[in-house]
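Reader: I'm new to this one. Can you walk me through the structure?

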Amino acid sequence: MNRTLPVTKNDYIDVVFEDLTHDGAGVAKVDGYPLFVPNGLPGEKAKVKVIKVNKSYGIGRLIELYEKSPYRVEIEQQDLHKYGGCQLEHISYEGQLKYKENQVRQVLTRIGKLEDVVIHPILGMDSPWRYRNKAQVPVGEKDGKLIAGFFKPRSHEIVDTNESLIQIKEVNEAVNAVKEICSQHSIPAYQEETHKGVLRHIMARYGKQTGELMVVLITRTAELPHKNKLVDEIVARLPHVKSIVHNVNSKRTNVILGEKTTVLWGNEVIYDYIGNVKFAISALSFYQVNPDQTRVLYEKALEYADLNEKETVIDAYCGIGTISLFLAQKARKVFGVEVVSEAIEDAKRNAKLNGINNAEFAAGEAEVVIPKWYKEGNAADVMVVDPPRKGCDEALLQTIIEMRPKKVVYVSCNPATLARDLRILEDGGYKTVEVQPVDMFPQTTHVECVSKIALKEEAGAQ
Ligand code: SAH
């Protein structure tokens, strides 16, 4: 069968890369047959080895670069590039931004068939390193010492990493300190294969605006040996620490956190601000990992919602109420909906913390709760959605089309599902007015967008 294809496994061939895939691999065409080669950049000439051939595409390995792209840079941290999800680390930041912006443009045209939509230049960071406020690293053992870092893909082997260049300095310091302290007290690492041992993961989260640090020790056993000594030493070593938490996860699972959490020292939560809204963050809460760019994103969402204190807003997929509370400052009333009930409890607590009393939160699926509200006669003037990667449920989109809010603000972490959903809204009487990509995750292939969508008659009148 392979004889009909232009390449055969183990061939060495010379190619020129034309494009990048959505996960950052170079794309070369051999007589129209696409070959995906990790590490290749558009414009580069290279020798590649064909390592896999499928019917409609092949996979290659880069053997030698004949001509380098002007966007290629030295890789700062090989481990992070290979195992830590920093697939774009070999591209200059300017090149990364260009790649992400192009990707949004291509997908909106190809999948969304949105020909005349305004896509603004992506908003990047001044410095695209040390932005992550959280780390959760698996723990293992080597030569009688604890190690912690990344899993090698498709294996249980941990690569020990003391420094991750995308994490805030305080987060790295916290992980390293806890690793060393636990190692000195001979806390056994958890072993996946045998389901024995104690320490599974170390997690650290840092409130960038407040300087408050939380450390979480995740163990298989309910018992944490030398608990008091560990706590004393962590407190002595990490001046920012405000909370030390013990989480027990006794299951055989890839899920990191278990259900049982006890505070070993300090507060149950740390605090942080996005803009002027204060958030209490507990060990189990979802909280955006790039606080600087989150603020950029939410400010854009607020601008696109264009509120004047008279509107009723529904914030679907609201998490711990971050966007809802941001909008509540300019709206008459905000209703947030989220499927995780603990997050709804956090959202309510965060509203109180900020003295915001025009925001209400309900736990449930957006595609169930919002249609029900609508049937009961409740409608929104502005709808905000921030769904997970799979995009909005069709039932929610249909309710939006029937409810006809003046404006929809769509925050998306996946351009492909954004494009699909924008097409549905366009066919239902809406117009995508503008799209603003925001780089929330430099060095990775992820791209976030916020879109302003208006009823066609309103968009025309603008
Ligand atoms: N807007 C929040 C969270 C966005 S992440 C923020 O900016 O922080 C997407 C959220 O959608 C998650 O909290 C997830 O739990 C929630 N979610 C997933 N499926 C859902 C559904 N069907 N209905 C409501 N919420 C859902």
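This is a predicted model: local features need pLDDT of at least 70, side-chain atom pairs count only at pLDDT 80 or more; totals for chains, interfaces and linings use all residues.

Reader: Fine. Which domains is the protein chain divided into?

Author: Domain 1 covers 12–69, and domain 3 covers 134–276. Domain 2 is made of two stretches, 98–126 and 290–461.

Reader: What separates the centres of domain 1 and domain 3?

Author: Taken over C-alpha atoms, the distance between the two centres is 39 Å.

Reader: Now the inside. How many residues has the largest nonpolar core?

Author: The count is 93 residues. Those with the most contacts inside this core are Leu-108, Leu-327, Ile-370, Val-385 and Leu-396. Helix H5, residues 291–305, gives the largest share, with 6 residues.

Reader: And which domains does this core draw at least three residues from?

Author: Domain 2 and domain 3 each supply at least three. There is also another core lying apart from it, with 30 residues, among them Val-198, Ile-202, Ile-234 and Ile-244.

Reader: Why would nonpolar residues gather like that?

Author: In soluble globular proteins, nonpolar side chains tend to be buried together.

Reader: Back to Ile-370. What is Ile-370 in contact with, leaving aside neighbours within four places in sequence?

Author: The contacts of Ile-370 are Ile-314, Ala-316, Val-337, Met-383, Leu-396, Thr-399 and Met-403. Ile-370 is also one of the buried residues of helix H8, which spans residues 366–375.

Reader: Which others in H8 are buried?

Author: Ala-366, Val-369, Pro-371 and Trp-373 are buried along with Ile-370.

Reader: What comes just after H8?

Author: Gly-377 does, and this residue takes a positive phi of about 95°.

Reader: Which residues other than glycine have a positive phi?

Author: Asn-10 is one of them, with phi near 75°, and Gln-443 is another, also with phi near 75°. Asn-10 sits in the segment before S1, while Gln-443 belongs to the loop between strand S21 (430–438) and strand S22 (448–455).

Reader: Is Gln-443 buried or exposed?

Author: Gln-443 is buried, because its relative accessible area is 2%, and the cut-off for buried is under 20%. Asn-10 has a relative accessible area of 46%, so Asn-10 counts as partly exposed.

Reader: Changing topic: how many cavities of 30 Å³ or more does the structure hold?

Author: The structure holds 1. The volume of the largest cavity is about 30 Å³. Its lining consists of Glu-170, Glu-173, Leu-213, Leu-238, Pro-239 and His-240, which divide into 3 nonpolar, 1 polar and 2 charged residues.

Reader: And pockets? What volume has the second largest pocket?

Author: The second largest pocket has about 810 Å³. It is lined by 34 residues, and the closest to its centre are Leu-20, Thr-21, His-22, Tyr-99 and Gln-103.

Reader: Which element supplies the largest share of that lining?

Author: Helix H2 does, with 8 residues. Strand S1 (12–20), strand S2 (26–30) and helix H10 (415–427) each supply at least two residues of the lining, as does H2 (93–110). By domain, at least three lining residues come from each of domain 1 and domain 2.

Reader: How do the lining residues of that pocket divide?

Author: The lining of the second largest pocket has 16 nonpolar, 11 polar and 7 charged residues.

Methods
Residues are numbered from 1 along each chain as its sequence is written. Side-chain values use heavy atoms; hydrogens and water are left out. Domain bounds come from an automatic or database domain assignment. On a 1 Å grid over the protein atoms alone, a cavity is a set of points where a 1.4 Å probe fits but cannot get out, and a pocket is an open set with protein on both sides within 12 Å along at least five of seven lines; lining residues have an atom within 4 Å of a point. Grid points are joined across faces, edges and corners, and a volume is the space filled by probe spheres set on the points. Ala, Val, Leu, Ile, Met, Phe, Trp, Tyr, Cys and Pro count as nonpolar, Asp, Glu, Lys and Arg as charged, and the others, Gly among them, as polar. A nonpolar core is a set of buried Ala, Val, Leu, Ile, Met, Phe, Trp, Tyr and Cys residues joined through side-chain atoms within 4.5 Å. Buried means under 20% relative accessible area, exposed over 50%, partly exposed in between (1.4 Å probe, protein chains only). Helices (H or I, at least four residues) and strands (E, at least two) are DSSP runs, numbered from the N terminus. Contact means heavy atoms within 4.5 Å.
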